[in-house]
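My notes follow the display.

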Amino acid sequence: MFILRRTVCWVLDIRIIKQGVSILKLTIISGSQRPNSDSSRIGRYISEQEFVSKSYSTINFLDLNELNLPLWNEGFWSNDAQWDVWKEPASIIQQSDAVIVVVPEWGGMVPPILKNFFLLCGPQELGHKPCLIVSISSGRGGSNPINELRSTAYKNNHVCFIPDHLIVRDCKKMFADEDSESSQYLERRLEFSTNLLSEYAKALGSVRESGVADVDEYRYGMS
Ligand SMILES: Cc1cc2nc3c(=O)[nH]c(=O)nc-3n(C[C@H](O)[C@H](O)[C@H](O)COP(=O)(O)O)c2cc1C
């Protein structure tokens, strides 16, 4: 059974209730800062796929454009009231076992709103959780945001970007009405990558439960 509800304007919480199936939770993040983005459309598309929903008891969708999170400032560390807006998304991510981040290539880079998001996340939110990167470009780009996230975005939050990623080029035509060969290929590749993510989600749960990840002593990664 599918229950679709909007708790507040920024979170689409899709709850798939099935008997005796997975209790894993997935959060999909749209990393664009503009409204009605392709990142948002593709993130929602992924959340609606049967091959994704069968692996999770809960799928949350966070659109960074709608969250209105401030840019990081000192108040974040002193629990300033302006950061109350972070509590609900943080809690959603903390409860997640896996994450998919949809990132558009902007000027050869990751959009600032997504860099800010990874800066806000700590080990409580993302530590030793698997993350699938889905990079998108309306042209022939898309590899730069993957390199950027893989080289920098994990250090202090300890997220685990899984080895496979997706690059959705010519993104306006992909996962849309058009039934092209490229679109069909990406569809199969999406199923492969999301299945892999689910297995990492199961496996990395035991890493977190082992207690080996000492976030007090080794809070920050080396650089
Ligand atoms: C400010 C801006 C910069 C962009 N720069 C690039 C780029 O460097 N390389 C590229 O392949 N596409 C670039 N694009 C195109 C985006 O990849 C494309 O529009 C994508 O659909 C944007 O996703 P969004 O709608 O989720 O923001 C840019 C788009 C914007 C808005």
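These entries run from the whole chain down to single residues.

**Ground rules.** I number residues from 1 along each chain as its sequence is written. The model is predicted, so I take local features only at pLDDT of at least 70 and side-chain atom pairs only at pLDDT 80 or more, while totals for chains, interfaces and linings use all residues.

**Whole chain.** I counted eight helices and eight strands. Both are DSSP runs, numbered from the N terminus: helices are H or I with at least four residues, strands are E with at least two. I then checked the radius of gyration, taken over C-alpha atoms, against the globule rule of 2.2 Å times the number of residues to the power 0.38. For 223 residues a compact globule would come near 17 Å, and the chain has 17 Å, which agrees. The C-alpha atoms fill a box of roughly 50 × 45 × 35 Å along the principal axes.

I call a residue buried if 20 or more other C-beta atoms lie within 10 Å of its own, exposed at 12 or fewer, and partly exposed in between, with C-beta atoms placed from the backbone. By that count 36% of the 223 residues are buried. A contact needs C-beta atoms, placed from the backbone, within 7 Å. Of the contacts with a separation of 6 or more, 80% join residues 24 or more positions apart.

**Helix 8.** I looked at residues 181-209 next. G211 follows helix 8 with a positive phi, near 80°.

**L166.** I found L166 in strand 8. Is L166 buried or exposed? L166 is buried, because 22 other C-beta atoms lie within 10 Å. Leaving out residues up to four places away in sequence, L166 touches V134, S135, L186, R189, L190 and S193.

**Core.** A nonpolar core is a set of buried Ala, Val, Leu, Ile, Met, Phe, Trp, Tyr and Cys residues joined through C-beta atoms within 7 Å. The largest has 42 residues, and those with the most contacts inside it are I42, I100, V101, V102, V134 and V168. Strand 5 gives the largest share of this core, six residues.

How values were computed
Two residues are in contact if their C-beta atoms, placed from the backbone, lie within 7 Å.
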